[in-house]
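Biologist: Could we go through this model together? I would like to start with the sheets and then turn to other features.

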Amino acid sequence: MEQYRVGIVGATGMVGQRFISLLQGHPWFKITALAASARSAGKTYAEAVEGRWAFDWPIPEGVRDMVIVDANDIDAMGKQVDFVFCAVDMKKDEIRALEENYAKHEIPVVSNNSACRGVKDVPMVVPELNAAHIEVIETQRKRLGCKKGFIAVKPNCSIQSYVPALTPLMDFEPEKISVCTYQAISGAGKTFKTWPDMVDNVIPYIGGEDEKSEQEPLKIWGKVEDTEEGRVIVNAKAPVISAQCLRVAASDGHMAAVSVSFKNKPTKEEILARWNNFETEAQRLNLPSAPKPFLQYFEDPTRPQTRLDRDFQNGFGVSIGRLREDTIFDYKFVCLSHNTVRGAAGGGILTAELLCAKGYIEHRA
């Protein structure tokens, strides 16, 4: 198949760097443009990230000498790409304006940012869980006045460890969830070299993260409904979620400790069967990045462990362990996902694959 021409807006940041790394050798996508702030525009990519490249492997040769475009120069980007990934560090209102401007210029945007996650006609997608939500794109296009452009977003990285484990259990009607996440420093765009204060440390606060962890799952579990505004996503009203999010001294990998009560309590055997047999739309479509399996469960009570298991299915899979009955809730368990692969750039790439497979992203002239 003809490869799609891909641009990365916010290419110099950690998530942008992860996009670049994951897209090397991708069968569907080829990086043809990189964009960043005005201070990086005009530099080669290697010059722009000198001293800031976050990974042990070298900058890929295909992008080292690529000249960076100003992210606001949408006309220049539009000549080089079929769609863009967006992972910028700006104020939310500025991000939303930027992404909508790309969409209005008929350039689809697959965003890592949170600015548009709460918008009813912007799908917030985990392809294995709620692929049908992309149907609201037509409503969004009418609102923005475009024919081929749109914005799709991926959810917060913290919820992508435990929401995949809960989704196969939704027909048992979970009513109350308590979750504590233990989040790696790469989620803040940092390494131990750039954030030495995190060595041997835990910080019990990540701005806005508790709220995102309590609210965003309800959109993922919501339904596409026809309203006066058009076809939009209506959030689920249950379960009630209480979240606490901590920053811990791990380089990559977000772990979650989950407790849950159900209206119709399943047996432990039923829960394990759901996890072990969970099939997804991403697998059925044979998307290049789709993990097979998506979920794995460990009988070993010492697993999953961040360092050992974050790279399951090349970082696209989710690991679960320690399922047991709880003294306050019905059950408790732990989950682990790779926050910059499944939770950020990789999740964006998988979402783009879904959008291409479903015909929402096309080759531009």
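Modeller: This is a predicted model. In it, 7 strands form an open sheet with mixed pairing, in the order S8-S11-S7-S12-S15-S14-S13.

Biologist: Which strands stand at the edges there?

Modeller: Strand S8 (202-203) and strand S13 (295-298) do. Each has a single partner strand, so one side of each is left without a neighbour in the sheet.

Biologist: And how many bridges join S7 to S11?

Modeller: There are 8 bridges between S7 and strand S11 (residues 240-248), and the two run parallel. Within that pairing, Leu 246 of S11 is opposite Tyr 182.

Biologist: Staying with S7, is Thr 181 buried or exposed?

Modeller: Thr 181, which is found in strand S7 (residues 174-183), has a relative accessible area of 1%. Buried means under 20%, so Thr 181 counts as buried.

Biologist: What is Thr 181 in contact with, leaving aside its neighbours within four places in sequence?

Modeller: Its contacts are Ser 158, Tyr 162, Gln 244, Cys 245, Leu 246, Met 255 and Ala 256. Of these, Leu 246 is also the residue of S11 that stands opposite Tyr 182.

Biologist: Changing topic: what volume does the second largest pocket have?

Modeller: Its volume is about 440 Å³. The lining of this pocket consists of 25 residues, and those nearest the centre are His 133, Ile 220, Trp 221, Gly 222 and Lys 223.

Biologist: Which element supplies the largest share of that lining?

Modeller: H6 does, with 4 residues. Helix H6 (127-130), strand S9 (223-227) and helix H11 (281-284) each contribute at least two residues to the lining.

Biologist: And what is the make-up of the lining by class?

Modeller: The lining of the second largest pocket has 12 nonpolar, 6 polar and 7 charged residues.

How values were computed:
Residues numbered from 1 in each chain as written. Predicted model: local features only at pLDDT ≥ 70, side-chain atom pairs only at ≥ 80, totals over all residues. Heavy atoms only, no water. 1 Å grid on protein atoms, 1.4 Å probe; cavity = no way out; pocket = protein on both sides within 12 Å on 5 of 7 lines; lining within 4 Å. Points joined across faces, edges and corners; volume = space filled by probe spheres on them. Nonpolar A, V, L, I, M, F, W, Y, C, P; charged D, E, K, R; others polar. Buried < 20%, exposed > 50% of the residue type's maximum accessible area, 1.4 Å probe, protein only. Contact = heavy atoms within 4.5 Å. Pairing = 2+ DSSP bridges.
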